[in-house]
Amino acid sequence: ILFVGLIFTLIAFYILRRQSIAFGKLTNSMRQFSTKRQTGALPVKREDEIGELARSFQEMSSIVNEQISYTEQAKHKAERAEKDKSEFIENISHEIRNPLLSIIGLNTMLEQNSPNSNQVDILNSIKLNTNNLLGLMNDILDYQSITKGNYKSKYSWINVEKFVQELLIGSQYSASNKSIQLISKIDDKLRTLDLRLDSLRISQILSNLISNAITHTSVNGEILIEIKINEFNERKIKVDFHVSDDGVGMNEQELLQIKERYFTNKKALLGNSNFGLGLTIVNELLILLGSELKVSSEKNVGSTFRFELELEFRPS
C-alpha cells in the first residue's frame with residue numbers, strides 16, 4: 001500500500017510539475033505581451049485546459065494588436081489632419097488680413113480727403129465692418145497660438161485710467177451706432193498708480209467683453225467698465241475688472257453654456273446673439289494669466305463679466 005501510494009504521489013507530482021511549467025510559460029507570455037505586444041511561444045497544441053487557455057489568449061492578443069494598430073493609424077491621421085487644419089487656418093487668415101489692411105488704409109485716405117456728408121456714413125460703415133473682420137482674423141490667429149502653447153506675455157507699466165480711455169475710444173463708434181453710452185469708473189487710488197501688466201492681452205480681453213456687451217445691449221442702453229482694488233499690500237494689489245451691461249441677459253442654462261466654444265443664445269432678443277470665439281479666447285487668456293472669467297446675469301436685466309488679477313504697482 002505504501003509503495004502504491006508513493007507511486008501515485010510521484011505521478012501526481014510529475015503531472016503537477018508539467019502543469020506548473022506550462023502555466024509558467026503562459027504567464028510569461030502574458031507579461032511579455034503587456035510590454036512588447038508579443039506572445040512568445042504558447043502551448044497551443046495541448047488538448048487540455050492549458051491548451052484551450054493558450055489558444056484563447058493567442059486569439060485575444062491578435063485582436064488586441066489589430067485594435068492597437070488601427071488606433072495608432074487613426075491617431076496619426078488625426079494628428080496630420082489637425083496639423084493641416086492649423087496650417088490652413090493660419091495661411092488663410094494671413095492672406096485675408098493683408099487685403100483688409102489695404103482696405104483700411106485706403107478708407108483712411110478717403111476720410112482725409114474731405115468726403116461729402118453722404119459719403120461719411122459709407123466710409124464709417126466700411127471702416128467698422130473691415131475692423132470687425134480684421135478682429136475676427138486676429139482672434140483666430142490668437143486662438144491657434146494659445147492652443148499650441150505659443151503664448152508669450154509682454155509686461156509693461158501702464159496707467160489704468162489712460163489705458164481704459166484709449167480702449168473706449170476704439171469701441172465708441174460701435175456703441176454710438178446703437179446710442180449706447182460707455183461709462184468708465186476707476187478706483188481713485190488706481191488713478192495715481194502704474195500697473196505692470198500685459199497691456200496687449202488685457203486690451204484684447206476687455207475689447208472682446210465690451211464688443212460682446214455692445215452686441216447684446218439694446219438701443220439707448222449703458223455699458224459700465226469698472227476697475228477697482230480688492231486687496232492692497234506693499235508689493236502687489238488685486239485689481240477687479242468689471243464689464244456690465246443692461247442688455248438681454250441670460251438664464252441659468254445659458255450661463256452654464258456661456259464659456260462653450262461658439263455658444264449661441266438663440267432665444268435672445270437681439271438678432272445677432274452668437275457669443276462666438278471671443279469669449280473662448282478671453283477665457284483661455286485669463287487662465288494663462290492666472291485668473292478666470294466670472295459671469296453673473298439676469299434675463300432681460302443685464303450681465304456682468306468680471307475677472308481679478310494680482311499685479312505689481314508703482315506711483316505714477
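Helices (H or I, at least four residues) and strands (E, at least two) are taken here as DSSP runs, numbered from the N terminus. On that basis the protein chain holds seven helices and seven strands, and its elements follow the order α-α-α-β-α-β-β-α-β-β-α-α-β-β from the N terminus on. The model is a predicted one, in which local features need pLDDT of at least 70 and side-chain atom pairs count only at pLDDT 80 or more, whereas totals for chains, interfaces and linings use all residues. Residues are numbered from 1 along each chain as its sequence is written, and side-chain values use heavy atoms, with hydrogens and water left out.

Of the 316 residues in the protein chain, 33% are buried; buried means under 20% relative accessible area, exposed means over 50%, and partly exposed lies in between (1.4 Å probe, protein chains only). The accessible surface of the chain is about 19800 Å², and carbon and sulfur atoms contribute 54% of that area. These areas come from the Shrake-Rupley method with a 1.4 Å probe; for residues, only the protein chains shown count as cover. Among contacts (heavy atoms within 4.5 Å) with a separation of 6 or more, 71% join residues 24 or more positions apart.

One member, L6, belongs to helix α1 (residues 2-36) and is partly exposed, with a relative accessible area of 48%.

The whole structure contains seven salt bridges, each defined as a side-chain nitrogen of Lys or Arg within 4 Å of a carboxyl oxygen of Asp or Glu. One of them pairs D84 with R80 (3.4 Å, N to O). Because D84 and R80 are four residues apart in helix α2 (residues 49-111), about one helical turn separates them.

K299 and E254 form a salt bridge at 3.3 Å, N to O. K299 lies in the loop between β6 (294-298) and β7 (302-315) and E254 in helix α6 (residues 252-257), so this pair ties together parts 45 residues apart in sequence. E254 is buried at 6% relative accessible area, whereas K299 is partly exposed at 30%. Salt bridges that share partners also join E161, D188 and R191 into one network. Within it, the closest N and O atoms of R191 and E161 are 2.4 Å apart.
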